[in-house]
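Thanks for coming. Please have a look at the structure on the screen before I start.

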Amino acid sequence: MSRFLSGKFAAIEPYTPGEQPQDRSYIKLNTNENPYPPSPKVFEAIFGGNGGGEKRLAEPGAEIDKLRLYSDPEVRELSEAIAGFYHISPEQVLVGNGSDEILAFAFLAFGDDTKPVRFPAVSYGFYPVFARLFGISAEPAALREDFTIDPADYIGCGRNVVIANPNAPTGIALEPAQIEAIVKSNPDHLVIIDEAYVDFGGESVIPLIDRYDNLMVVQTFSKSRSLAGARLGFAAACREIISDMNKMKFSFNPYNVNRLSILAGTAAMKDRPYFERCTAAIRETREETAAELRRMGFTVLPSKANFLFAKSDRIGGGEYFRQLKERGILVRHWDKPEIRDYVRITVGTPQDMKTLCRVTEELLAERI
Ligand code: PMP
């Protein structure tokens, strides 16, 4: 720490992202990226349509030439594509540099020391970090024994609420009716539903934004649309909330989404068949892997996301994580009392998951 850092940030413990190792190639099942490439339409949008390839990139008028110009601060083309997909208006959409940025704008806009925020105690690690960064009192609510969220902790709670649905790292989802009950019972507080993983089996509550002016839904392009490196996420909410969010954005980083990502995101959003194929493949692989891990004696939580949260009583979570890493497979482990027996395993290709299961079987055999 330098001697210049503001005292108010001295004690902040920043978010720790999953490893992105450069030293060797791993089967990478630790950050919930999509194992499939972005839609072919994304390649076309960036490289040019008719086999022009990299040459087209450098031509005058090509997007790379336009990188000397700022990107569209209103991100109109992509907002329209998102609005089209969800049958809402572009004025009900705000695009961000990843959904992390969207969440940051939301915490900044709607919380302070008199407006606390409630979220599940086991959930996305960024929520408490944003609360701390922006001076908002955080009220984590414990999960039930079975790792489900108890809606009663949120119904009529008189607090702003953030819930990941499906939750992370458990993968367990609430039903839309349960979300609606939370939204309806807190009319004077904002309810943010983070749907980062909803496309793998949950049901989006975006259709509810027309009925509830206290609901904000957040989604990302990082998981179901194979664009984690493009950094794209969005909020969907009533116009007034989006206007408040724009106030944050235009007070902080007006050109928050770059030109290439706008093109990539728009093409991905418009290619519904590819999106449906990839998400269906991941769901299928998830169920096969869960069945195989259960066969080996693992407890696997019922996931509606692109990851599995699993534990074995034959190998501790930390040990399983380390042994897999030594053998070239990266998963995620948290040394937190409630979840330290578990690891979170991103669903990769069928081949990746076969390797994971084979290596796991070998590890367990060594322990008999
Ligand atoms: N919400 C949840 C629940 C997540 O797991 C993640 C991914 N780490 C994000 C939001 C942020 O995703 P991104 O910034 O890549 O859109």
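This is a predicted model: local features need pLDDT of at least 70, side-chain atom pairs count only at pLDDT 80 or more; totals for chains, interfaces and linings use all residues.

Residues are numbered from 1 along each chain as its sequence is written, and side-chain values use heavy atoms, with hydrogens and water left out.

The pocket is lined by 46 residues, and Tyr-15, Thr-16, Tyr-124, Gly-125 and Phe-126 lie nearest its centre. By class, the lining has 22 nonpolar, 13 polar and 11 charged residues; Gly counts as polar here, and Tyr as nonpolar. Where does the largest pocket lie? Domain 1 (7–30 + 273–366) and domain 2 (41–271) both give residues to its lining, so the pocket lies between them. Those domain bounds come from an automatic or database domain assignment. Helix 5 (126–133) gives the largest share of the lining, 4 residues.

Helix 4 (residues 99–110) also supplies at least two residues of that lining. Helices here are DSSP runs (H or I, at least four residues), numbered from the N terminus. Buried means under 20% relative accessible area, with a 1.4 Å probe and protein chains only. Among the buried residues are Glu-101, Phe-105 and Phe-110.

Last, Gly-48 sits in the loop between helix 1 (40–47) and helix 2 (53–58). Gly-48 has 13% relative accessibility and therefore counts as buried. Its C-alpha is separated by 8.0 Å from that of Ala-62, 14 residues apart along the chain.

Conventions. Buried means under 20% relative accessible area, exposed over 50%, partly exposed in between (1.4 Å probe, protein chains only). On a 1 Å grid over the protein atoms alone, a cavity is a set of points where a 1.4 Å probe fits but cannot get out, and a pocket is an open set with protein on both sides within 12 Å along at least five of seven lines; lining residues have an atom within 4 Å of a point.
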